[in-house]
Amino acid sequence: MSKKKGIIKEIISRAIYLNELDKYEVSYRDFGNIVTVPLCEFMTISENLEIIPITRIYEIKRDSCILYKKFNRMRC
């Protein structure tokens with residue numbers, strides 16, 4: 001597993017464990033567009049990361065803090 005996949009899975013796992021899915025937003029690439037949805041909706045759309053792979057995730061935010069951004073990781 002690559003380092004990127006580990007960080008993204010860790011963030012999602014923490015959100016699920018703490019039951020704070022509504023506080024997170026995921027931006028992902030969809031045919032050249034960047035789509036932003038709440039994490040709970042993303043998990044439904046992606047069928048638990050089976051339809052939309054981790055490699056298409058562009059950014060993950062918690063409230064207004066960026067937890068992950070492709071090519072530029074930041075921690076809060």
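Q: In which helix do Glu10 and Arg14 both lie, and how many residues apart are they?
A: Helices (H or I, at least four residues) and strands (E, at least two) are DSSP runs, numbered from the N terminus. Glu10 and Arg14 both belong to helix H1, which covers residues 3–17, and they are four residues apart, about one turn of the helix. This is a predicted model, in which local features need pLDDT of at least 70 and side-chain atom pairs count only at pLDDT 80 or more, while totals for chains, interfaces and linings use all residues. Residues are numbered from 1 along each chain as its sequence is written, and side-chain values use heavy atoms, with hydrogens and water left out.

Q: What does Glu10 form with Arg14, and how far apart are the closest N and O atoms?
A: Side chains of opposite charge can pair when their charged atoms come close. The rule for a salt bridge asks for a side-chain nitrogen of Lys or Arg within 4 Å of a carboxyl oxygen of Asp or Glu. Glu10 and Arg14 form such a salt bridge, with 2.7 Å between the closest N and O atoms.

Q: Does Glu10 count as buried or exposed, or as partly exposed?
A: The term buried means under 20% relative accessible area and exposed means over 50%, with partly exposed in between (1.4 Å probe, protein chains only). Glu10 counts as partly exposed because its relative accessibility is 37%, and Arg14, with a relative accessible area of 39%, is also partly exposed.

Q: How many salt bridges does the count come to by this rule?
A: The count comes to six salt bridges. One of them joins Asp30 to Arg56, whose closest N and O atoms are 3.5 Å apart. That pair links distant parts of the chain, with Asp30 in strand S1 and Arg56 in the loop between helix H2 (39–45) and strand S3 (57–62), 26 residues apart. Asp30 is partly exposed at 25% relative accessibility, and Arg56 is partly exposed at 22%.

Q: Which side chain meets Glu59 in a salt bridge?
A: The side chain of Lys69 does, with an N to O distance of 3.9 Å. Here too distant parts of the chain are linked, since Glu59 is in strand S3 and Lys69 in strand S4 (residues 65–69), ten residues apart. Glu59 counts as buried at 10% relative accessibility, whereas Lys69 is partly exposed at 24%. Elsewhere, a network of salt bridges links Glu20, Lys23, Arg62 and Asp63.

Q: What order do the four strands have in the open sheet?
A: Two strands pair if DSSP finds at least two bridges between them. In this structure the order is S2-S1-S3-S4, and the pairing is antiparallel. S2 and S4 stand at the edges, each with a single partner strand, so one side of each is left without a neighbour in the sheet. From one strand to the next, the twist averages 20°.

Q: How many bridges join strand S1 to strand S2?
A: Six bridges join S1 (residues 24–30) to S2 (residues 33–38), and the two strands run antiparallel. Within this pairing, Val35 in S2 is the bridge partner of Tyr28. The hairpin of S1 and S2 has two residues between the strands, and Phe31 takes a positive phi near 55° there.

Q: With which side chain does the side chain of Ser27 make a polar contact?
A: A polar contact is a pair of N or O atoms within 3.5 Å; within protein, one must be able to donate a hydrogen and the other to accept it, and residues adjacent in sequence count only if both atoms are side-chain atoms. Ser27 lies in strand S1, and its side chain makes a polar contact of 2.8 Å with the side chain of Thr36. Ser27 counts as buried, at 5% relative accessibility.

Q: Which residues touch the most other members of the largest nonpolar core?
A: A nonpolar core is a set of buried Ala, Val, Leu, Ile, Met, Phe, Trp, Tyr and Cys residues joined through side-chain atoms within 4.5 Å. The largest such core has 19 residues, of which Leu39, Phe42 and Ile60 touch the most other members. H1, S1, H2, S3 and S4 each supply at least two residues of this core, and its largest share, five residues, comes from H1.

Conventions:
Axes fitted to C-alpha atoms, helices over the stretch in contact; angles between N-to-C directions.
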